[in-house]
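Please look over the sequence and the structure shown below before reading on.

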2 protein chains.
Amino acid sequence: MGYGNLGRGVEHAVAAAGDMELAAVFTRRDPASLTIRTPDVPVVSAAEAEAWQDKIDVMILCGGSATDLPEQTPKYARLFNVVDSFDTHARVPEHFANVDEAAKAGGKVGIISVGWDPGMFSLARVYSTAVLPQGKNYTFWGKGLSQGHSDALRRIDGVKDARQYTIPVEASLEAVRSGSQPELTTRQMHTRECFVVLEDGADAARIEREIKEMPNYFSDYDTTVHFISQAELDANHKSMAHGGFVFRSGTTAGGANSHVIEYSLKLDSNPEFTTSVLVAYARAAYRLNQAGDNGGKTVFDIAPALLCEQSGEDLRAHLL
Amino acid sequence: MGYGNLGRGVEHAVAAAGDMELAAVFTRRDPASLTIRTPDVPVVSAAEAEAWQDKIDVMILCGGSATDLPEQTPKYARLFNVVDSFDTHARVPEHFANVDEAAKAGGKVGIISVGWDPGMFSLARVYSTAVLPQGKNYTFWGKGLSQGHSDALRRIDGVKDARQYTIPVEASLEAVRSGSQPELTTRQMHTRECFVVLEDGADAARIEREIKEMPNYFSDYDTTVHFISQAELDANHKSMAHGGFVFRSGTTAGGANSHVIEYSLKLDSNPEFTTSVLVAYARAAYRLNQAGDNGGKTVFDIAPALLCEQSGEDLRAHLL
């Protein structure tokens, strides 16, 4: 459902799976206006999705978290097994409750917040916390483009276009890695680097000040602002690369021994990795529903073997 | 069951868990000869374990993989929910089949091969393989003491005592981290460092040659041998530290984009970390059995939420 960056990523990931088939692409646009990569797959109006209930095993929702998914995931969880990448951490409890209710009513499985954060990073946090209950978690993001912060820059009067990179502070990564369990402020964990294209005649000094003082987004960070041309932005700042680090630093035997668990991702394409995770959890959604399960789920509720194309026997012999 | 390094680690980890209580320590030794850390917990002869069926929720097996667990885990899986740290990778399919049969017969849950490798490293391999089906896995161990290789050194005629460290090759770690998916030989992945105490009059040159030419254990590696005194070995080579790295380097969109997933552990105490993992999976074994499940399991079959003391609601609100 949806054919932007995520939809195209799902299309690639389904093609890479030996046990999956792309049944249809649903869109809110005019289906005739859409050309997809896979030959012979129907492009269908979202308005007609309901008629596909007996034709597809799982629907992967590729909309945005701000307005699409809060409405779409509960709506479609009544009709289909669904997976989404809802990533507004603060609204997860509310979204989960809505999806859980709808999925239970429809006898379907709805897995929310699948991707890398939330998603693989959440798994790193939960496993590490479970095995080292005495300790501290740290999550660092980047280096990578933040869509939310780039949008905030573009809302400033006089800004024509902009990109914002979130960058972890190397010295803090090293301090956490050492096992010293430092207390880190927001400023000590990440820096923010902005590339801004001005509208003709805009006041650069005023805009730089406005950026650096913007509450929540920039005021708690060391922020660098570069003014560049649209051509330079288009040439050098279109990468979808991202990544980050999850640490747990903990102790055992009442503090006698220290342990550091580190999980990190270095991704060339944020949307393609996100959708690779979505597609693995789509497999699990279908399998769980086939086994009689239903309701809302997150990555915490899914046994890892359910994500894999291989049999349990294969996994035990080769990956255990 | 068993009160060596693992048994003592379990004792610490249970004390750190808010929802667990150590019911008893079972031993094959004379119970009167054993003093344990926790006051008022009975030490019971292994021969009397059967009488404890209605008194304990899960038995954590703390024996060795060579001879203890192949016999103990199936035996006790008929009577109790059990968790073990069986780590002989090649014999996992056979051990799993035995435990599965026994646990099903007894209506209990038996989780095998829990720890860090197999265990947390297996999870890293399975999740990464599921989300990046096109790619290559790499596992590096160390720096840390290898019990099996130390034992092999001690079996050599003229060796009084010895310790062997497995050390990952830094340049190969960096090559994998870069996403280049190198083909690495055994020799390129790890080096082996041996600290050997000779018996009086032993031939150092012959022993060094015998070590370096030993098939499977050393002949495929760059091996360094240091001859030291027993006092030096006792003073400097008793650390239980270990760790390692699991990588998956993969691509999406038919090879257009690369991604590197890295999971690493830096552990002060190998047995204490192993038992922290065992205790988290003991929680899952009991919960699964309470929910009506039974049979053999591995970490691949367990949803992460089952490992956690926190509720699902708590986990979604704070760790997702």
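Predicted model: local features only at pLDDT ≥ 70, side-chain atom pairs only at ≥ 80, totals over all residues.

Most residues other than glycine have a negative phi, and most peptide bonds are trans. A:Gln181, however, has a positive phi near 50°, and it lies in the loop between α6 (170–177) and α7 (186–189) of chain A.

In chain B, B:Asp40 also has a positive phi, of about 65°, although it is not a glycine. This residue lies in the loop between β1 (25–27) and β2 (43–45) of chain B, and, with a relative accessible area of 82%, it is exposed.

Two peptide bonds in chain A deserve a look as well. The bond from A:Asp117 to A:Pro118 is cis, with omega near 0°, and A:Pro118 lies in the loop between β5 and α4 (120–131). Another cis bond, with omega about 0°, joins A:Gly142 and A:Lys143, where A:Lys143 belongs to the loop between β6 (135–141) and β7 (144–145).

## Helix α3 of chain A

Which residues of α3(A) are buried? They are A:Val92, A:His95, A:Phe96, A:Val99, A:Asp100, A:Ala102 and A:Ala103. An α-helix has 3.6 residues a turn, so residues three or four places apart point the same way. The buried residues of α3(A) pack against α2 (68–77), β5 (109–111) and β13 (295–297) of chain A, and also against α11 (312–318) of chain B.

## Helices α1 and α10 of chain A

In chain A, helix α1 (residues 5–16) packs against helix α10 (residues 270–290) at an angle of about 55°, with their axes 8 Å apart. The two helices are therefore oblique to each other, and α1(A) passes α10(A) in a right-handed crossing. Among the residues of α1(A) that take part in the contact are A:Leu6, A:Val10 and A:Val14, while those of α10(A) include A:Pro271, A:Thr275 and A:Val279.

## How the two chains are related

Chain B is superposed on chain A by a rotation of 180° with 0.0 Å of shift along its axis, at an RMSD of 0.0 Å. The two copies are thus related as by a two-fold rotation axis. The same surface serves both copies, since 100% of the contact residues of chain B recur in chain A.

Key. Residues numbered from 1 in each chain as written. Chains lettered and ligands numbered in written order. Heavy atoms only, no water. Buried < 20%, exposed > 50% of the residue type's maximum accessible area, 1.4 Å probe, protein only. Helix = DSSP H or I, 4+ residues; strand = E, 2+ residues; numbered from the N terminus. Contact = heavy atoms within 4.5 Å. Least-squares fit on C-alpha atoms with pLDDT ≥ 70 in both. Axes fitted to C-alpha atoms, helices over the stretch in contact; angles between N-to-C directions. Parallel < 35°, antiparallel > 145°, perpendicular 65-115°, else oblique. Left-handed = near helix turned anticlockwise from the far one by under 90°.
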